[in-house]
Amino acid sequence: MIDLITFHTCLAQQSARGYDLDSKQKEAVEYSGGPLWLLAGPGSGKSEVLVTRTLKLLCVNGVAPRSIALTTFTKPAAQNLEDRLSSYLSVLQAFDSSLKNVDLSDIRIGTLHSLCNDILQEYRYPPYQNVRLLDKVEQDLFTYRTADISEYKNLDFWRYFHHAVPKWHQNAKFSPSKWKRVKAAVVLFNHIVDDCIDLTKMLQAGGHWATLVKFYQQYIEALQDNYRCDFAHLQARFLEFLTSSGGKRFLDGDGLNQVPLQHVLVDEYQDTNPIQERIYLALSHKQPHNITVVGDDDQALYRFRGANVACMVNFDKACQTTFAKTPYPIQLKRNYRSHSRIVDFFNNYITSFSEMAAPGVRAPGKDLVEPASSIQGNYPAVTWLTRKKAEDLPEAVVQLIRDHLVADNVIADLSQCVLLLRSTQDSPGNAGPFITAFKENNIPIYNPRSKSFMESEEVQCLLAALVEIIDKKHSFASYKDQKGESRLWVKPIQDWLNTLRSVLNDPTIPTALLEDYICSSNVELPKICAASTQTFIGLNLLEIIYRILSREPFSLWRQDPSRNLRLSKVTRLFEGYHSMSLDSLRRNKSGIDVDPTFLYRFYDMFVSYLIETGIDDDEDEDVIVPQGYLPIMTIHQAKGLEFPFVLVAQLGDSGRIGSAQILETDLANFRQGLYPRNVRDPELLVIEDTIRLLYVAYSRAKNGLILVATPDQVNSKKNLKRVPVPGRDHVEFRRNTVAI
Amino acid sequence: MKKPFSGISVPLPTTPPVKRRYSITQDIVPFRRCARQYGTFNVHKYAPAYQTQTYFGTTLHQVLDRCHSHFHGIIDPATKGLLPDNGKILGDQDILDYFDELRIAEKLSTAPPTPPSDIVKYFVEVENGLKSRGIRAIKSDNRLQVVRILQYFNALEGPVLYPRVIDTEHRLQADRTNHILHGVVDLLVDPTTSAGVPEDYEMWDYKGSTRVGLNPKDLENYEFQMRVYAKLYELKHGVLPRRAILYFLNELDGPTCPSKQPVNALIEVSILPTEIDNAVIEFAKTVMQIEQARVTGNWQSAIPGDISEKDCAICDLRWDCNTPNGGKGVKLRYP
Ligand code: SF4
């Protein structure tokens, strides 16, 4: 073991962290009186504190690694914590050889889902034995195939839950399509679990709620009958496990080899949901309840995924009801990231809204963030890039970047800037005008989400090429629904084929190899079917996809980082279909072609899924910004990152009320709350969420924050319903901000 | 235009904000085998159509780990000192029948049948576990082979080896200037009968392949891996291990269980200090190359001859790769 002073000195060395922690950070590292409520503002070094606190437990207090659980929100974040832990531990071990046996691999570290799964497996919890865990795509496919709700067409029911149905309007005359019903059902079912809903209460509410409960119960039975488990129920199983005998052994140890769980550390606690809150509290049931939660309620962005900032805001109440103990609050308010003017700006921003001052919205008693960065200098670190007309803004952004930031060597590489937008899609109302301006001025951009996934040229061409190969007669076009109308997939597939055709006809794009591949495949496939003695012809769709990808233009497109990212995603989606054992090609009865039922299922299940549900972007991806490119990102993508120069545009747009906000209110009566909570209207919730979103955007900037907006866009008087961008008081903003 | 940031100049950071951790078997060796394949599947996360290669090895490792736990009574104290299945071997048909029953049960949504042996049970558990991490199950013909090899290993090596195992999945790592070096040694074995000390221990590493026909470059990579492990071992324990051993599990395969250890199954890697130093330098060089490729996006295919034809034969990228077939590339298949 090592003493505390040496511990801090060691980690402050250049080979480790390179600087010492401040007094508040140290207090957070050293606190040992039970629940710790760590409110960590942007750039306050919260990961450093979490990592140091973990190491202090290991190296100063001699806590066994197996007694520590450390969770965070995404896999890359967990990896990042692990990397820092290892790196610092090596420095400590080099200093004191008695620490040589501290083995980090024994710490339970990861996302909560991965920990739940590992522990349930390790303890061979009977209800989780031989169960197959469904990922997101598989949960959708499973629901499509086995959940009765997917066949339920009652229009009133779906109108009632319209908010959960993707791209469907409440006033529609027909019930949503099967895939849209499935997607909505998955949202509702997951909320039932995540929000700890009392099913009896919901049933008693009658009407559509009672119907929902019945469908949910059928879904659970289907999961059990099929030995499947989705991610939401993985957590539910885990919570049950903690009360079982195995769970007790896990929590309290067995007095022999098995050590008790003594410390629970949770990162990004603002993105926790109620069932996770219960899990964390259950994990720390042992006196003195050593649970450390770290996060920033002002940076909560994931309500749409079921997260609920109330868990962070009400952590004191949760501890009081569960442990009869008040957590010790520490606020890490020193910001080491941004120029002081940027800090002042986002401080003013978040506190200028009466909506944010209402009880239960922000953690109580929070102070302003204090600037402490080494970035200094008397220059307008917050700048307002403005033009009278919105259409002139993109050109202004180009000029600023090209003629100032680059030309004057303010930055050494384009990747030191970022343009943050609500939506990065290449359409007129979104990033379109910016993308055009950058292209016209030869500024290379990195924008993997410029197209909605299914609209991008490479994805459409890839799928079209596959259709041309496995269904050369275009049987997809012949399917009709009960009313005699073409099935929903027909038009989109035709569009893909048109996209492919126009690429093939474009003389500037090399496509000869692809054309040859399609033609030859059309000749060979019937022969393979005829030669095969079995129904399955020993070929799956992903194999064909890779052969298509090897042909130009795909092989060229893959050199473009954004296209590459999307093509890689196509392969992962096919992998989901593959996991249901549905993608192996079969021949038809006469043995001369592909089985029509195989094709039908491919269109009906998989292609419809792609078309109708709108494939989400991966939120958890590890963002790698390539050098030499200007990144264009959504604010969600930028969460956790920092850039020397941040440009935020599309200011003045209002957020939309979605399922998450409506369910927050609608489910209030059914939630088995640990403590009473304020229920707020969806309209207010969406304002809060938008304010938090912009707060995250503004606090990414280190040296310069550039707000890109017309005078109208910052004028709150004109945008009463919108969330004002620089705060409620635009006059103050105009007076104090340098405009260029 | 006004120039608000005149006079400021922000340099590009020279090192990544956090040191990346590089695993010898998951990053360095695959990158050295073929950078293009590594970039595509490990960095850009394409989903391979055939995952045989990776998951074959992972499954073998994880089941063997459970066999050790079984013997040491870690899973269930009642099995302490006992060989899984008491070394008994199921015939191929019995195993296939079970997989069939399992498949049918899954299809009919009935309870999965009781596994016919410990090894099959562990195998199915491991498969499920991999699945929950988004790693898909391997193809059915390989499943049989994996179980067969596991049974043979268990019966042939288990009785002598298991009691000597000091640690499994022994983790080692070290902090370098701009990265962290990380490795997991499959087994630490104490060949002495007395309670040993680290300088007596042997490091064992399982390989899910045969020794015969192994590409020299692959062998070179494996030796390199063991030498880096030896360095990490030395950093942790202050001494070098006594021996570094590679065990080629697929040498056991065949219609029946071998009656003695196949001569090609086990090789000892020499771990002289100069060899170790060279390996560590190589490691750092490879890390630099990976970091560079991440920035430039340029992931090169292996040089013909440097990679085994077998690896290329199951690579999804072979259709536009000039490396396989001694540099001639493969003929495209239709469709
Ligand atoms: S075919 Fe061989 S050389 Fe080419 S990418 Fe695949 S593994 Fe590498």
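Reader: What makes the area between domain 3 of chain A and domain 4 of chain A "buried"?

Author: Buried area is the accessible area (1.4 Å probe) that two parts lose on being put together, summed over both. For domain 3 of chain A and domain 4 of chain A that comes to about 440 Å², with 55% given by carbon and sulfur atoms. On the domain 3 side, Tyr446(A), Pro448(A) and Tyr629(A) lose the most, together 70% of what that side buries. Keep in mind that this is a predicted model, where local features need pLDDT of at least 70 and side-chain atom pairs count only at pLDDT 80 or more, while totals for chains, interfaces and linings use all residues. Residues are numbered from 1 along each chain as its sequence is written, chains are lettered from A and ligands numbered from 1 in the order in which they are written, and side-chain values use heavy atoms, with hydrogens and water left out.

Reader: How do you know where domain 4 of chain A lies?

Author: The bounds come from an automatic or database domain assignment, and that assignment gives 453–612 for domain 4 of chain A. Domain 3 comes in two pieces, 355–449 + 620–739. Their centres, taken over C-alpha atoms, sit 39 Å apart.

Reader: How many residues of each of these two domains are in contact?

Author: Contact means heavy atoms within 4.5 Å. By that rule, six residues of domain 3 of chain A touch four residues of domain 4 of chain A.

Reader: Why is the link between Arg21(B) and Asp83(A) called a salt bridge?

Author: The rule wants a side-chain nitrogen of Lys or Arg within 4 Å of a carboxyl oxygen of Asp or Glu. The closest N and O atoms of Arg21(B) and Asp83(A) are 3.1 Å apart, so the pair qualifies. Chain A and chain B have three salt bridges between them, whereas domain 3 and domain 4 of chain A have zero.

Reader: What makes up the side of chain A that touches chain B?

Author: Sorted by class, there are 31 nonpolar, 32 polar and 26 charged residues. Here Ala, Val, Leu, Ile, Met, Phe, Trp, Tyr, Cys and Pro count as nonpolar, Asp, Glu, Lys and Arg as charged, and the others, Gly among them, as polar.

Reader: And how much area do chain A and chain B bury between them?

Author: About 6,200 Å², of which carbon and sulfur atoms give 53%. Arg124(A), Tyr546(A) and Arg547(A) lose the most on the chain A side, together 11% of what that side buries.
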